[in-house]
Amino acid sequence: MTETRLRTLTHSLAYSLTLLFMIALAAQNLRYGFYDLFYLAVALGLGAAAGVAYTWVMRRRQLMAPGHTLLLAVMNLLAVLAVFGSSQPDVSHWTLALVLLNLLILPLRTALAMTLALIACVAIWLFMATDPTQAIVTLGGLLLLFGTGVFYSWHYSNMAQSAEDLAITDTQTGAHNARFLDETLQKEISRARATGNPLSVIRLHMDHLDEVNDLHSQDRMALLMREVTQTLFGVIRAGDTLYALGDGDFFLVLPFTPEEGVRVMAERVRRTLGEAEWPVVGRLTVSLGCTAWAASDTTSDHLRDRAGEALQQAQQRGTDRAWFLAGHPNAA
């Protein structure tokens with residue numbers, strides 16, 4: 001299950017349980033003639049129903065759905081106004097549902113700010129309108145629920161971040177993987193088209209890798225790959241990104257880098273790797289294919305294919321070489 005679907009399911013369930021809770025409260029207060037609480041339950045129930053509808057309307061964009069913040073802000077404000085405007089002390093217990101709803105639906109920082117504001121308002125009212133013992137007991141319950149919800153939300157966020165990191169990271173080298181390359185490269189192309197800033201890429205291949213694989217074990221090759229990756233991370237600049245494509249191939253995306261810059265970077269990479277002393281092999285060389293974004297490049301495939309072509313031309317001229325292949329800026 002993707003994170004978007006999981007969030008859609010979680011949000012729908014949270015709003016639905018809140019809706020059922022409010023329906024039960026509305027029926028109970030209508031039965032006993034507490035009409036102010038009945039109308040409050042109806043209003044909060046309508047908010048929960050709107051949340052269910054909004055969740056499903058935005059189910060494909062659940063990770064970027066700002067309407068939840070606005071909706072829950074209104075529901076929290078209604079609860080605060082009801083707490084200060086009602087003569088029934090038990091109305092403060094209604095905020096328990098909103099504490100959980102905030103922490104289940106909203107991003108953690110937004111949820112913390114909104115929930116702490118809600119608890120602070122309720123705490124002020126409790127100590128103003130009830131005896132200290134009841135205020136402390138009610139506030140303690142709110143804080144206990146708040147702590148539990150914060151722990152769940154924080155734990156979920158960490159798990160989601162870990163899952164995202166695993167999805168975009170090559171486990172052997174620690175660089176980004178090929179699946180994440182197309183997404184990032186397409187974003188950089190869109191930015192280059194919008195701003196006119198230069199963009200360059202490098203396709204790198206370790207020379208004679210087949211012979212090295214035949215001579216050494218898989219574990220020792222994995223060690224070599226990690227060392228090469230860490231060295232590349234040390235060469236590239238902040239803002240550049242590195243991708244491991246497998247079989248000794250790497251891809252570098254260099255935003256704000258014109259043709260002259262990518263030539264300099266390719267030579268720096270070639271010399272740094274070629275002059276270092278490596279575990280397993282001692283010395284190694286690499287071939288590099290470089291290109292820069294042109295107006296005709298509208299998809300990531302255009303840059304990837306041309307960088308691959310440039311790499312082939314470098315290999316045709318021997319090992320330990322870098323080759324630049326220009327695009328066609330005026331092509332349709």
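Buried means under 20% relative accessible area, exposed means over 50%, and partly exposed lies in between (1.4 Å probe, protein chains only). Gln313 has 21% relative accessibility, so this residue counts as partly exposed.

**The model**

This is a predicted model, in which local features need pLDDT of at least 70 and side-chain atom pairs count only at pLDDT 80 or more, while totals for chains, interfaces and linings use all residues. Residues are numbered from 1 along each chain as its sequence is written, and side-chain values use heavy atoms, with hydrogens and water left out.

The pLDDT is the predictor's confidence in each residue, from 0 to 100. The chain averages a pLDDT of 85. At least 70 is reached by 90% of the residues. Over residues 162–166, pLDDT stays under 50. For that stretch the model has 1 contact (heavy atoms within 4.5 Å) beyond four places in sequence.

The chain has 332 residues, and 43% of them count as buried. It holds 11 helices and 6 strands. These are DSSP runs, numbered from the N terminus: helices are H or I with at least four residues, strands are E with at least two. Among contacts with a separation of 6 or more, 69% join residues 24 or more positions apart.

**Helix α11**

Gln313 sits in helix α11. Apart from neighbours within four places in sequence, Gln313 is in contact with Trp323 and Leu325. Its C-alpha atom is 9.3 Å from that of Leu288, a residue 25 residues away along the chain.

The buried residues of α11 are Ser300, Leu303, Arg306, Ala307, Gly308, Ala310, Leu311 and Ala314. The elements that cover them include these:

| Element | Residues |
|---|---|
| α7 | 178–195 |
| β2 | 199–206 |
| β4 | 249–255 |
| β5 | 286–292 |
| β6 | 322–324 |

After α11 comes Gly318, with a positive phi near 115°.

**Helices α3 and α5**

The axes of α3 (residues 67–85) and α5 (residues 108–129) come within 10 Å and cross at roughly 5°. That makes α3 roughly parallel to α5, a label for angles under 35 degrees. From α3, the contact includes Thr69, Leu72 and Phe84. From α5, the contact includes Met114, Cys121 and Trp125. By class, this contact has 10 nonpolar, 3 polar and no charged residues. Ala, Val, Leu, Ile, Met, Phe, Trp, Tyr, Cys and Pro count as nonpolar, Asp, Glu, Lys and Arg as charged, and the others, Gly among them, as polar.

Note on methods: Axes fitted to C-alpha atoms, helices over the stretch in contact; angles between N-to-C directions. Parallel < 35°, antiparallel > 145°, perpendicular 65-115°, else oblique.
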